Amino acid sequence: AALARVAAYAEWRRREQTPAPEPEGLDRVAARALVDEVLAGATGEVALDADAARRLLGTYGIVVTDPPSPPTDGVDTTVSVVQDPAFGPLVALAVTGEVADLVGDRVRQIVPLSEADADAMVRSLRLGPLLLGRRGSPDLAVDRLEDLLVRLGVLADEVPELVEVELTPVSVTTGGVVVAAARVALRRPAPGLPELVRRLRT
């Protein structure tokens with residue numbers, strides 16, 4: 001069954017017409033140096049401290065700030081990387097809050113993400129209209145949220161040691177996106193189906 005899922009995924013990738021974008025400002029050399037430094041001598045999963053998490057995310061243009069007070073003119077979301085036993089890393093997006101928790105409003109996408117993938121993730125949320133300026137809500141900087149999704153997808157695709165990322169809250173406001181906190185974990189990858197999927201992408 002797992003191999004069938006991989007074959008279906010490979011066929012989906014062959015049909016995909018929109019290439020994954022190349023975000024500006026990536027520092028792959030710095031990211032690789034930091035990952036190797038953190039995992040030197042490690043035998044299992046390593047949770048990065050706040051500074052190391054900020055530095056790693058920053059190499060892919062993802063800025064984590066510590067605002068003195070949370071923004072009040074936007075919608076809070078959670079953006080994360082989760083692991084699928086067959087497909088490897090997936091980027092996940094969820095609107096946060098009591099209502100969102102009740103309806104389980106979360107979408108996931110295989111990496112790397114195209115701009116169309118990121119747009120589809122936002123629009124497929126049940127509470128997506130809150131982000132898209134409908135039903136009386138203000139126009140928010142959804143393009144910056146989609147850029148964040150794409151950047152995180154590139155990071156997850158290019159750094160196989162990335163076990164988990166959770167960015168929360170990610171406040172989508174009228175002026176941009178504010179990432180207030182981040183949790184990142186690394187581990188040396190084990191061979192298996194996710195590695196096979198990575199090879200099928202090329």
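Start at strands E2 (75-84) and E5 (162-172): they run antiparallel and are joined by 6 bridges. Strands (E, at least two residues) and helices (H or I, at least four) are DSSP runs, numbered from the N terminus. Two strands pair if DSSP finds at least two bridges between them.

This is a predicted model, in which local features need pLDDT of at least 70 and side-chain atom pairs count only at pLDDT 80 or more, while totals for chains, interfaces and linings use all residues. Residues are numbered from 1 along each chain as its sequence is written, and side-chain values use heavy atoms, leaving out hydrogens and water.

**The strands**

Select Val75. Its bridge partner in E5 is Val172. E2 and E3 pair in the antiparallel sense over 8 bridges. They form a hairpin with 3 residues between them. Pick Ser80 and find its bridge partner in E3, Ala92. Then colour E2 by burial, where buried means under 20% relative accessible area, exposed over 50%, and partly exposed in between (1.4 Å probe, protein chains only). In E2, 7 of the 10 residues are buried, so the strand is largely enclosed by the rest of the structure.

**The core**

Next, select Leu131 and Leu167. Of the 47 residues in the largest nonpolar core, these two touch the most other members. Such a core is a set of buried Ala, Val, Leu, Ile, Met, Phe, Trp, Tyr and Cys residues joined through side-chain atoms within 4.5 Å. The largest share, 9 residues, comes from H7.

Stay on Leu131 and show its contacts (heavy atoms within 4.5 Å). Not counting residues up to four places away in sequence, Leu131 touches Val75, Thr77, Val95, Val122, Leu125, Leu140, Val142, Leu145 and Val172.

Move to H3. Ala52, Ala53, Leu56 and Leu57 are buried. They cover an arc of only 130 degrees around the axis, which puts them on the same side of H3. The arc is that of the directions from the helix axis to the C-beta atoms. The buried residues of H3 pack against H2, H7, E5 and E7. At the start of H3, select Asp49: a side-chain oxygen reaches to within 3.2 Å of the backbone nitrogen of Asp51.

Now H5. Its buried residues are Asp117, Ala118, Met121 and Val122. Their arc is only 135 degrees, which puts them on the same side of H5.

**Salt bridges**

The structure holds 13 salt bridges, each a side-chain nitrogen of Lys or Arg within 4 Å of a carboxyl oxygen of Asp or Glu. Select Glu45 and Arg187, which meet at 3.1 Å, N to O. Glu45 lies in the loop between H2 and E1 (46-47) and Arg187 in the loop between E7 and H8, so the pair ties together parts 142 residues apart in sequence.

In H7, Arg144 and Asp147 are 3 residues apart. Their salt bridge has its closest N and O atoms 3.5 Å apart.

**Last stop: Pro189**

Pro189 is in the loop between E7 and H8 (193-201). At 45% relative accessibility, Pro189 counts as partly exposed. Not counting residues up to four places away in sequence, Pro189 touches Pro160 and Glu161. Finish with a C-alpha distance: Pro189 to Val163 is 8.5 Å, across 26 residues along the chain.

How values were computed: A polar contact is a pair of N or O atoms within 3.5 Å; within protein, one must be able to donate a hydrogen and the other to accept it, and residues adjacent in sequence count only if both atoms are side-chain atoms.
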